Amino acid sequence: MTNNTSPQPGRITNSLDDFWMPFTANRQFKARPRLLESAEGMYFTATDGRKVLDGTAGLWCCNAGHGRREITEAVSRQIAKLDFAPTFQMGHPLPFELAERLAEIAPKGLNKVFFTNSGSESADTALKIALAYQRAIGQGTRTRLIGRELGYHGVGFGGISVGGMVNNRKAFSTLLPNVDHLPHTLDIQRNAFSRGLPEFGIEKADELEHLVTLHGAENIAAVIVEPMSGSAGVILPPVGYLKRLREITRKHGILLIFDEVITGFGRIGEAFAAQRWGVTPDIITCAKGLTNGAIPMGAVFVDEQIYQAFMQGPESNIEFFHGYTYSGHPVACAAALATLDIYQNDRLFQQAIELEGYWQEALLSLRDLPNVIDIRAIGLVGGVQLAPSAEGAGKRGFQVFEQCFQDNVMVRVTGDTIAMSPPLIVEKAQIDTLIATLGDAIHKAS
Ligand SMILES: Cc1ncc(COP(=O)(O)O)c(C=O)c1O
């Protein structure tokens, strides 16, 4: 591989120059690339032949592990049978079948499903549904959207406006108007090294009451939060926090949206975090684990009553002017149906619960290592937060990430937090390897 070959017409040079990589330090990567070539089960194989343990389910998406034959075969059969069919004023059977299957595992009442191609599109779709719903029920002054600091809802303009990760926002001054943010719930001083959900912080939900006092409930359409913030470094909801948010939103007629792009499909031991924590929002967004990461697809689950509010007026009217060319794409639907079968047949959501205790103790065994300032774990997701080095925020975290990869383990880094979310098929011995490798890397970075 080279990144400075001058290409001849018609000649493939294997140069790394032309792919502008997303969320990547391009120049650093191209100088020292980390390239994966194939994957099977819990392992990637890198282009240099090394087997690398996948500690992150790809990018929080390959919950059933890699190379699942059932998905590959379903996708191959489907692409040969019906490669594409429009879903605007036309249809084909698969998205209907998939929506019904999904409604079976969703929280009760959230039985209408709108298909997208990604988590970002799911977030923007959910925000648009919320605004259009309020208008449909005669509450057209409800135009304000509320997100949360450190939230991540993808990279569309809607998602970055309600999102709260500063680097994703600060270069783009034209964000949506009428947006507020709740405070984040990370509180290392009071909650460091909690087992399970942190004890302190329920009162952060009460900030919503302050926003209601400031703007008037009649101007607020929806609140969107990740039940557990993944991208900002595995930030767990304090005990009682989500329930409190639900109570306040319900009291004021504000819709509650859970972004379950990471927590959906078993990551924390149930199909959705809403079920694990016994709080049912009005809308849930998802993507990633929906197809085990094999084919891009997202979905938005909507409460029956919201859907019915749109089904008014002449039947010939299009009720919601929104959709994507690939909403309900046949090949993506086939991948999702095969994925749901695997989750069910292999009891993978229960697996996350059964391993939760082992996973948590394994992670907490790192607590006395140098520079470890917090460890957070739930289901099969975990975050190890390190103190920033004198060289600046994020440097130590990146060093640990690179070291792990050199030592054949893939973790994820966000700032100085190492995040892990192995496929739900992970075995105890692989958890041991993951944690031992991470521990060594933390030592080396001290
Ligand atoms: C909670 C959440 N929402 C939305 C997204 C965006 O998903 P995508 O990258 O598929 O657009 C992500 C991606 O990590 C996410 O974690």
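Helix α3, residues 69-81, packs against helix α13, residues 330-345, at an angle of about 155 degrees, and their axes are 8 Å apart. Before I go on, please note that this is a predicted model.

How do α3 and α13 run relative to each other, roughly parallel or roughly antiparallel? Angles over 145 degrees count as roughly antiparallel. The angle here is about 155 degrees. So α3 and α13 are roughly antiparallel. The crossing of α3 past α13 is right-handed.

Now look at the residues. From α3, the contact uses Glu70, Ile71, Ala74, Val75, Gln78 and Ile79. The α13 side includes Pro330, Val331, Ala334, Ala335 and Leu337. Ala338, Thr339, Asp341 and Ile342 also belong to the α13 side. Sort the α3 and α13 contact by class, and you get 11 nonpolar, two polar and two charged residues.

Stay with α13. Helix α4, residues 93-105, also meets α13. The axes of α4 and α13 come within 9 Å and cross at roughly 30 degrees. Under 35 degrees counts as roughly parallel. Therefore α4 and α13 are roughly parallel. The hand of this crossing is left, as α4 passes α13.

Which residues make this contact? On α4 they are Leu94, Pro95, Glu97, Leu98 and Arg101. On α13 they are Pro330, Cys333, Ala334, Ala336, Leu337 and Leu340. By class, the α4 and α13 contact counts nine nonpolar, no polar and two charged residues.

Next, the sheets. A quick reminder on pairing. Strands of a sheet pair through backbone hydrogen bonds, either parallel or antiparallel.

Take the sheet with the order β1-β2-β3-β13. It is an open sheet of four strands, and the pairing is mixed. Its edge strands are β1, residues 36-40, and β13, and each of them pairs on one side only.

Inside that sheet, find β2, residues 43-46, and β3, residues 51-54. β2 and β3 pair in the antiparallel sense, over three bridges. Tyr43 has Leu53 in β3 as its bridge partner. Phe44 stands opposite Val52, also in β3. β2 and β3 form a hairpin, with four residues between them. Look for Gly49 in the turn: its phi is positive, about 90 degrees.

What is the sense of pairing between β3 and β13, parallel or antiparallel? It is parallel, over two bridges, with β13 spanning residues 409-410. Asp54 stands opposite Met410 of β13.

On to another sheet. Its order is β11-β12-β15-β14. This sheet of four strands is open too, and its pairing is antiparallel. The edges are β11, residues 372-378, and β14, residues 412-414, each pairing on one side only. On average, neighbouring strands here are turned by 20 degrees against each other, direction ignored.

How many bridges join β11 and β12? There are six, in the antiparallel sense, and β12 covers residues 381-386. For one of the pairs, look at Ile375: its bridge partner in β12 is Val384.

Helix α14, residues 348-364, lies across β11 and β12. α14 runs at about 175 degrees to β11.

α14 also has a helix neighbour. That is α16, residues 428-444. The axes of α14 and α16 come within 10 Å and cross at roughly 20 degrees. So α14 is roughly parallel to α16. The crossing of α14 past α16 is right-handed. Tyr358, Trp359, Ala362 and Leu363 of α14 meet Lys428, Ile431, Asp432 and Ile435 of α16. By class, that contact of α14 with α16 has six nonpolar, no polar and two charged residues.

Last stop, the ligand. How many residues surround it? The count is 14, and the closest are Ser118, Gly119, Ser120, Gly154 and Val261. Which helix gives the largest share of the shell? Helix α5, residues 119-136, does, with three residues. By class, the shell around the ligand divides into five nonpolar, seven polar and two charged residues.

Technical notes. Residues are numbered from 1 along each chain as its sequence is written. This is a predicted model: local features need pLDDT of at least 70, side-chain atom pairs count only at pLDDT 80 or more; totals for chains, interfaces and linings use all residues. Two strands pair if DSSP finds at least two bridges between them. Axes are lines fitted to C-alpha atoms, for helices over the stretch in contact, and angles run from 0 to 180 degrees between N-to-C directions. Two residues are in contact if their C-beta atoms, placed from the backbone, lie within 7 Å. Angles under 35 degrees count as roughly parallel, over 145 as roughly antiparallel, 65 to 115 as roughly perpendicular and the rest as oblique. A crossing is left-handed if the near helix is turned anticlockwise from the far one by less than a right angle, and right-handed if clockwise. Ala, Val, Leu, Ile, Met, Phe, Trp, Tyr, Cys and Pro count as nonpolar, Asp, Glu, Lys and Arg as charged, and the others, Gly among them, as polar. A residue is near a molecule or strand if its C-beta atom, placed from the backbone, lies within 6 Å of it.
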